[in-house]
Amino acid sequence: MLQLSSLSDIRQHTEKLRRESLKIGFVPTMGALHQGHLSLIKAAKSQNDITVCSIFVNPTQFNNAEDYRLYPRLLENDALLLAEAGCDVLFAPSAEEMYAQKAKLSFDFGDLERVMEGAHRPGHFNGVATVVSKLFHLVKPHQAFFGQKDLQQFAIIQQMVQDLSFDLELVCYPIIREADGLAMSSRNRRLTPEQRAVAPRLYEGLQLLQARLREVPVAQAQQEAVAFLGTFPEVRLEYLEVVDAHTLQPVQEISSAPRVALCLAAFLGEVRLIDNLLLQP
Ligand SMILES: Nc1ncnc2c1ncn2[C@@H]1O[C@H](COP(=O)(O)OP(=O)(O)OP(=O)(O)O)[C@@H](O)[C@H]1O
Ligand SMILES: CC(C)(CO)[C@@H](O)C(=O)[O-]
Ligand code: BAL
């Protein structure tokens with residue numbers, strides 16, 4: 001596996017790949033890789049000639065300095081996992097080089113970013129859009145792969161790709177879970193054993209909400225799921241929403257949207273986790 005860190009090296013390399021008419025699949029990550037990331041690498045490999053993975057803990061998308069400082073950084077081990085998974089290129093730039101620019105880019109995603117993650121993490125999606133647009137310019141992928149775990153991020157990136165006329169296909173893959181249902185996340189590494197034991201309740205809350213939505217109105221089902229999660233003192237729920245999976249706006253009735261998503265964010269101690277579930281149509 002080729003490992004590159006400078007912007008000019010990755011640009012030259014992907015230009016060469018493009019000249020050779022090779023199809024490039026791209027998986028952007030922040031590292032501390034797990035099976036969720038590796039499922040995206042596998043998908044990228046199966047549909048492309050060359051798979052590029054980026055690892056960059058992007059400072060501009062963190063709204064909490066401690067969260068940035070404590071984000072797990074395991075580059076050496078990640079490189080081994082990627083090589084084993086058959087990834088062709090690892091791009092791991094420095095923050096200094098990525099942000100040597102003078103201009104601070106500014107995006108406005110309207111209602112899409114006024115809910116959930118956008119509402120609770122000010123500036124987060126501006127940072128995501130900034131770094132992903134820079135990465136797309138550098139890597140020049142034909143396809144880029146993302147996880148459904150960051151459902152709102154995917155919607156924002158879809159909008160960005162359309163608005164900035166990027167010539168690439170976005171692909172979204174399902175959430176990979178631990179055996180007990182907890183969505184895999186790099187931040188799970190930061191949980192204490194006690195917090196880790198309670199963490200699967202988040203997905204159980206979503207499953208309860210899903211089951212109750214078949215029987216009672218949205219507001220009541222939501223209240224019951226919030227009450228369920230409230231019985232675990234370690235869980236500090238930030239939001240639990242029933243939304244239109246495309247617009248991400250809350251729905252009052254599940255029949256009012258073609259696809260409905262159940263989304264939550266919660267703190268276990270200082271660790272903030274997100275999860276979601278798409279209702280079957
Ligand atoms: N459990 C998962 N299953 C499938 N894809 C995932 C999973 N977790 C993350 N991803 C996807 O991997 C890509 C990189 O995500 P990222 O590096 O932020 O990992 P993460 O585990 O979500 O970390 P964290 O949530 O702690 O920031 C994103 O597209 C994300 O949606
Ligand atoms: C897309 C991304 C790599 C941008 O930093 C990040 O938000 C992530 O890992 O989901
Ligand atoms: N996967 C989303 C990255 C973040 O939490 O900043």
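This is a predicted model: local features need pLDDT of at least 70, side-chain atom pairs count only at pLDDT 80 or more; totals for chains, interfaces and linings use all residues.
Three strands make up an open sheet, and their order across it is E7-E8-E9, with antiparallel pairing. The strands at the edges are E7, covering 235-244, and E9, covering 271-278, and each of these pairs on one side only. As you move from one strand to the next, the twist averages 15 degrees. If we look at the pairing in more detail, E7 is joined by nine bridges to strand E8, residues 260-268, and the two run antiparallel. Within that part of the sheet, Leu 240 has Leu 264 of E8 standing opposite.

What packs on this sheet? The answer is helix H10, residues 201-213, which touches E7, E8 and E9, and whose direction makes about 150 degrees with that of E8.

Helix H10 also has a helical partner, and I would like to stay with that for a moment. H10 packs with helix H11, residues 218-230, at an angle of about 155 degrees, and their axes are 9 Å apart. Because an angle over 145 degrees counts as roughly antiparallel, H10 is roughly antiparallel to H11. The crossing in which H10 passes H11 is right-handed. On the H10 side the contact is formed by Arg 201, Gly 205, Leu 208, Leu 209, Arg 212 and Leu 213, and these meet Val 218, Ala 221, Gln 222, Glu 224, Ala 225, Phe 228 and Leu 229 in H11. Sorted by class, the residues of this contact comprise eight nonpolar, two polar and three charged.

From H7, the residues Phe 125, Val 128, Ala 129, Val 132 and Ser 133 meet Gln 153, Ile 156, Ile 157 and Met 160 of H8. In this contact the classes come to seven nonpolar and two polar residues, with no charged ones.

Around ligand 2 we find Pro 28, Thr 29, Met 30, Asn 58, Gln 61, Val 128, Val 131, Val 132, Asp 150 and Gln 153. Val 128, Val 132 and Gln 153 are also named in the contact of H7 with H8. By class, the shell around ligand 2 holds five nonpolar residues, four polar and one charged.

For ligand 1, which residues come nearest? Of the 18 residues around that ligand, they are Gly 36, Phe 146, Gly 147, Met 184 and Arg 187. Two elements give two or more residues to the shell, namely helix H2, covering 35-47, and strand E5, covering 143-147. Helix H2 gives the most, with four residues. Divided by class, the shell around ligand 1 contains eight nonpolar, seven polar and three charged residues.

Methods
Residues are numbered from 1 along each chain as its sequence is written. Chains are lettered from A and ligands numbered from 1 in the order in which they are written. Two strands pair if DSSP finds at least two bridges between them. Axes are lines fitted to C-alpha atoms, for helices over the stretch in contact, and angles run from 0 to 180 degrees between N-to-C directions. Two residues are in contact if their C-beta atoms, placed from the backbone, lie within 7 Å. Ala, Val, Leu, Ile, Met, Phe, Trp, Tyr, Cys and Pro count as nonpolar, Asp, Glu, Lys and Arg as charged, and the others, Gly among them, as polar. A residue is near a molecule or strand if its C-beta atom, placed from the backbone, lies within 6 Å of it. Angles under 35 degrees count as roughly parallel, over 145 as roughly antiparallel, 65 to 115 as roughly perpendicular and the rest as oblique. A crossing is left-handed if the near helix is turned anticlockwise from the far one by less than a right angle, and right-handed if clockwise.
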